[in-house]
Amino acid sequence: FKIIRNIGFYKYFLHRKIFTTWKENVRYLLFAKQRKLVGSRLYMTRKTTNNAILSIKKHLMGVQSVRLLYLDGHTMEKDEFVEQQTQNCVKSGVLFEEAMRCVTQEVQTVVHQIQNRHSRASVDPSSQAVNYSDDAPEKHKSLLKLRQEKLEAIQMRKQAKLEYATLPDFIRFIDYLTVEALVS
């Protein structure tokens, strides 16, 4: 036993095991922090933009399915063909306009939501009236609950500022989606 305990592997096994566990936990915490940071910048992970993007994609998929040129394979006169294609283009134009109106409306809704959240977050919390949520005055709340509410309010303000700052990028993203759908 003494001889084995003098070999480096056995001598420092517990130290190495604890250090390895600590190192893995630190790496995981750094990974979780980075994942949260990346996730907060993605539009699909935000509650304000998630449903709007799905709705916009649905409208744009409808635009992609519109046929601009109908070729049914049978022979027809030139004037008849031109008239049929003109009618088809008018119908397609109406569908395109309706889809773009829906996309614009969704974007405007998101912009208004984000601006409202940002304006509420920009208000000084000390100037607001006392919050009586759950019909309990502040002095009857536990310190832990007060601290949690304060942290949630800080996180909400930070998220609102981030969303407001990335609003031009969101609009650019929707513009890219729209152009991609129209081109295809």
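In what order do the elements of the protein chain run from the N terminus on? In this predicted model, local features need pLDDT of at least 70 and side-chain atom pairs count only at pLDDT 80 or more, while totals for chains, interfaces and linings use all residues. Residues are numbered from 1 along each chain as its sequence is written, and side-chain values use heavy atoms, with hydrogens and water left out.

View 1. The elements run α-α-α-α-α-α-α from the N terminus, and the secondary structure comprises seven helices and zero strands, where helices (H or I, at least four residues) and strands (E, at least two) are DSSP runs numbered from the N terminus.

**View 2. Salt bridge between Arg 117 and Glu 163.** The side chains of Arg 117 and Glu 163 meet at 3.3 Å, N to O, a salt bridge being a side-chain nitrogen of Lys or Arg within 4 Å of a carboxyl oxygen of Asp or Glu. Arg 117 in helix 5 and Glu 163 in helix 6 (residues 143–165) lie 46 residues apart, so that the pair links distant parts of the chain. Glu 163 is buried, with a relative accessible area of 2% (buried means under 20%, exposed over 50%, partly exposed in between; 1.4 Å probe, protein chains only).

**View 3. Salt bridge between Lys 141 and Glu 149.** These side chains meet at 3.1 Å, N to O; Lys 141 is buried at 9% relative accessible area, whereas Glu 149 is partly exposed at 22%.

**View 4. Salt bridge between Arg 172 and Asp 169.** The closest N and O atoms are 2.8 Å apart, and the two residues, three apart in helix 7 (residues 167–183), are separated by about one helical turn.
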